[in-house]
Structure formats: C-alpha cells, structure tokens
Amino acid sequence: GDGVYICSNNYKLEYMNSKMIDVVGHNATGELCYKAIYHRDDICDWCILDKIQENKSITYEIKNPIDDQFYHVRNTPLHKSDGSFSKLTTYHNISDLKEAEAQIVEANALKDLLLDVIAHDLKNPSGVIREFSKMGLNEKPDSEIFSFIHDASGNLMNIIENISALARVAVGDSIEKEEILLVEFLQNLCQDFTPQLDYNKMTLNVHLDDNLKINANPIIAEVFRNYISNAIKYASIGKEIIIDSEMDDNMITVFVKDFGTSIPQEYYADLFTRKFQIKQGQGRGLGLAIVKRIAIAHNGEAGIKANTPNGNIFYIKLPIL
C-alpha cells in the first residue's frame with residue numbers, strides 16, 4: 001500500500017500510517033517520524049504547506065535514500081471547519097515503473113543502433129547495384145532492363161533512408177513531415193510496378209488533381225506500394241487498377257480500386273491487424289497492419305470498402321496541406 005501522513009498548517013503531525021514509517025526509515029512514532037521527513041530536502045520540501053494554501057495539489061517524484069526506492073508524492077490540502085487546513089501526503093512506490101522505463105530506453109537505444117547497422121549494410125550492395133545499372137545505361141541508353149534496375153535501386157535506397165521512419169511508425173512515435181505533390185509522387189511510385197502490370201496484362205491509372213498536395217513523410221509511399229502490389233497479386237483477374245480521390249472538408253481520401261474478387265465484409269474489421277490472413281497462406285498479413293500505423297502517424301485513417309459490382313477499394317484519408 002501507499003505511505004500516508006497528515007500534518008497541520010503549523011507543521012504538527014496528525015497522522016502517519018505504518019507504511020510511511022517504513023518509508024522514512026524510523027521505527028518511532030509521532031514527532032520523530034515527522035522530523036525524519038522534514039529534515040530531508042530530497043523527500044519533502046518545507047514550502048509545500050505554503051504552496052497548497054492556493055488549494056492546489058502538488059505532485060513530484062523522488063528517490064528515497066532510506067530504501068533506495070522511487071516514489072510518486074502527492075500533497076493535497078484538507079480544509080477544516082475552523083478555517084485552518086492540513087496537508088495529506090501520499091507516497092506511491094513507482095520503482096517497478098521506473099525500471100520498466102529504463103528498460104524501454106535501453107531497448108530503444110539498441111533498436112536505433114540495429115537500424116543504423118541494417119541501413120548501413122543495405123546501402124552498400126544497393127549502391128553497387130545502382131552504379132552497375134548506371135554503367136549499363138551509359139553503354140545501352142535504350143535498355144529497359146537497365147533503366148528499370150537503375151530506378152528500382154534508387155527507390156530501394158530511398159526506402160533504406162526511411163527505415164528509421166518506418167520503425168518510428170511501428171512503435172507509434174511521431175515522424176517528420178514535408179510537402180508532397182501527390183500526383184507526381186504517385187506517378188513515380190507506379191513506375192516501379194510496370195513489369196508486374198505488363199506480366200499480368202493490367203492497367204494502372206491515376207486520376208488526381210495535378211496540384212493536390214499533402215503534408216506527409218515519404219514513408220507514405222509504403223501505403224500505396226502495399227495497396228497496388230496487393231491489387232496486382234490478388235485481383236489481377238480484374239485487369240485494372242484506378243487511383244482517384246475525393247475531398248471532404250480539410251481531408252482528402254485517396255482510393256486504390258481493383259476489380260477482382262471482392263473480399264467478404266466480415267473480414268474488414270480484422271484485415272488491418274497484424275498477421276491476419278483471409279486464408280492460410282494467402283495475404284495480406286503484416287503489410288496492412290503497417291499501413292494502418294502509417295495512417296495513424298499522419299493523423300489519418302486507412303480502410304477498405306466494397307467496389308461495385310466487383311472488387312475492392314482500399315483507401316487512406318489524410319489532412320490536406
């Protein structure tokens with residue numbers, strides 16, 4: 001339980017429970033325990049009584065040198081009928097919480113280190129691929145293969161640069177945002193899917209206002225990569241993907257529409273949860289869970305609704321710049 005004591009406005013101890021006696025490290029009762037508290041500046045402040053006369057509670061955290069434990073201390077005024085008041089003080093042990101916070105800090109530091117190592121190690125081979133593709137383009141400027149490898153390796157380098165942003169999204173941390181011209185952004189992204197689209201004999205069309213801008217982190221590209229790749233993988237029978245949008249007050253909703261087999265509505269609620277699969281071994285898994293986290297990090301919303309007559313509409317709703 002919590003340590004509790006009450007003292008009057010003339011610094012007279014009125015009550016102290018046994019837990020508080022343990023906190024101050026004194027086995028005596030009454031004034032001796034009270035002196036043990038007030039003779040330690042790191043446990044209690046002389047001016048607390050004066051401050052709470054404004055009828056405000058005062059809280060702070062301390063590390064008690066008696067038992068080497070952390071406490072959350074709360075001082076609350078108790079007014080009496082004769083106009084005087086007393087101070088009720090509670091000591092709540094938060095040592096376990098402090099230890100957990102320290103472990104989280106250590107784990108985050110390790111996470112950042114691992115991300116730096118991973119990003120560094122991935123940059124080297126990606127850079128080599130990009131340089132070789134550049135050499136190939138110099139010799140064969142019209143080569144579609146070298147051109148695709150060069151563009152894809154450049155995008156990979158950008159993804160590696162954004163690994164830390166993706167990690168922050170995964171744990172719910174805030175991310176930096178910038179002005180993004182959405183049409184140009186999506187058109188560049190869609191070029192990555194040209195081989196898959198051609199192989200599946202599909203078309204991908206972007207119908208958005210040319211001047212539409214959003215305030216987002218470039219990691220937002222992962223949302224559209226996921227939506228488009230899923231449409232190609234699971235809805236190629238529809239032969240078409242359309243990206244369009246609608247405005248609503250200060251929000252824009254961007255839709256990625258496919259015309260394949262419709263996902264049953266009973267799956268909608270779970271589709272964006274981690275490791276959910278419609279059927280064993282069949283999508284859409286962790287990707288949509290990350291999409292949801294990215295949307296939340298942008299003060300937005302991700303979801304799905306039915307296309308008519310067949311297919312699915314995946315969307316992300318974002319603030320307009």
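**Notebook: helices, cores and strands**

I started with α7 and α9, and their crossing is right-handed. A crossing gets that label if the near helix is turned clockwise from the far one by less than a right angle, and it is left-handed if anticlockwise. I am working from a predicted model, in which local features need pLDDT of at least 70 and side-chain atom pairs count only at pLDDT 80 or more, while totals for chains, interfaces and linings use all residues. Residues are numbered from 1 along each chain as its sequence is written, and side-chain values use heavy atoms, with hydrogens and water left out.

**Entry: the helix pair**

I looked up how α7 (residues 182-190) and α9 pack: the angle is about 50° and the axes are 11 Å apart. The axes are lines fitted to C-alpha atoms, for helices over the stretch in contact, and angles run from 0 to 180 degrees between N-to-C directions. The two helices are therefore oblique to each other. For that word, I note that under 35 degrees counts as roughly parallel, over 145 as roughly antiparallel, 65 to 115 as roughly perpendicular, and the rest as oblique.

Which residues meet here? On the α7 side I found F185, L186, L189 and C190, which meet A221, F224, R225 and I228 in α9. Contact means heavy atoms within 4.5 Å.

**Entry: the cores**

I228 sent me on to the largest nonpolar core, which has 44 residues; I220, Y227, I228, I241, I243 and F272 have the most contacts inside it. Helix α9 (residues 221-234) gives the most to this core, with seven residues. A nonpolar core is a set of buried Ala, Val, Leu, Ile, Met, Phe, Trp, Tyr and Cys residues joined through side-chain atoms within 4.5 Å. Buried means under 20% relative accessible area, exposed over 50%, and partly exposed in between (1.4 Å probe, protein chains only).

What does I228 touch? I listed L189, C190, F193, L204, I241, I243 and V256, leaving out residues up to four places away in sequence. Apart from this core lies another, of twelve residues, among them L13, M20, I21 and V23. My background note: in soluble globular proteins, nonpolar side chains tend to be buried together.

**Entry: the whole chain**

I counted eleven helices and 14 strands. Helices (H or I, at least four residues) and strands (E, at least two) are DSSP runs, numbered from the N terminus. Of the 321 residues, 40% count as buried. Among contacts between residues at least 6 apart in sequence, 58% join residues at least 24 apart.

**Entry: the five-stranded sheet**

Next I traced an open sheet of five strands, in the order β2-β1-β5-β4-β3, with antiparallel pairing. β2 (13-16) and β3 (58-64) stand at the edges with a single partner strand each, so one side of each has no neighbour in the sheet. Neighbouring strands here are turned by 20° against each other on average, direction ignored. Two strands pair if DSSP finds at least two bridges between them. β1 (residues 3-8) and β2 share three bridges in the antiparallel sense, and C7 has L13 of β2 as its bridge partner.

How many bridges pair β9 with β10? I found eight, in the antiparallel sense, with β9 at residues 240-248. I241 has D258 of β10 as its bridge partner. The hairpin of these strands has two residues between them, and D249 takes a positive phi near 55° there.

β10 (residues 251-258) has seven of its eight residues buried, so it is largely enclosed by the rest of the structure. Seven bridges join β10 to β14 (residues 312-319), and these run antiparallel. I252 stands opposite L318, and K257 stands opposite I313.

β14 is also largely enclosed by the rest of the structure, because six of its eight residues are buried. Six bridges join it, antiparallel, to β13 (residues 301-306), where A302 stands opposite I316.

The β13-β14 hairpin has five residues between the strands, and G311 takes a positive phi near 115°. P309 is in that loop too, and the peptide bond from T308 to P309 is cis, with omega near 5°.

Is K201 buried or exposed? It is exposed, with a relative accessible area of 67%. K201 is in the loop between α8 (194-199) and β7 (203-206), and its phi is positive, near 55°, though it is not a glycine.

N299, in the loop between α11 (285-297) and β13, is another non-glycine with a positive phi, about 60°. N299 is exposed, at 61% relative accessible area.
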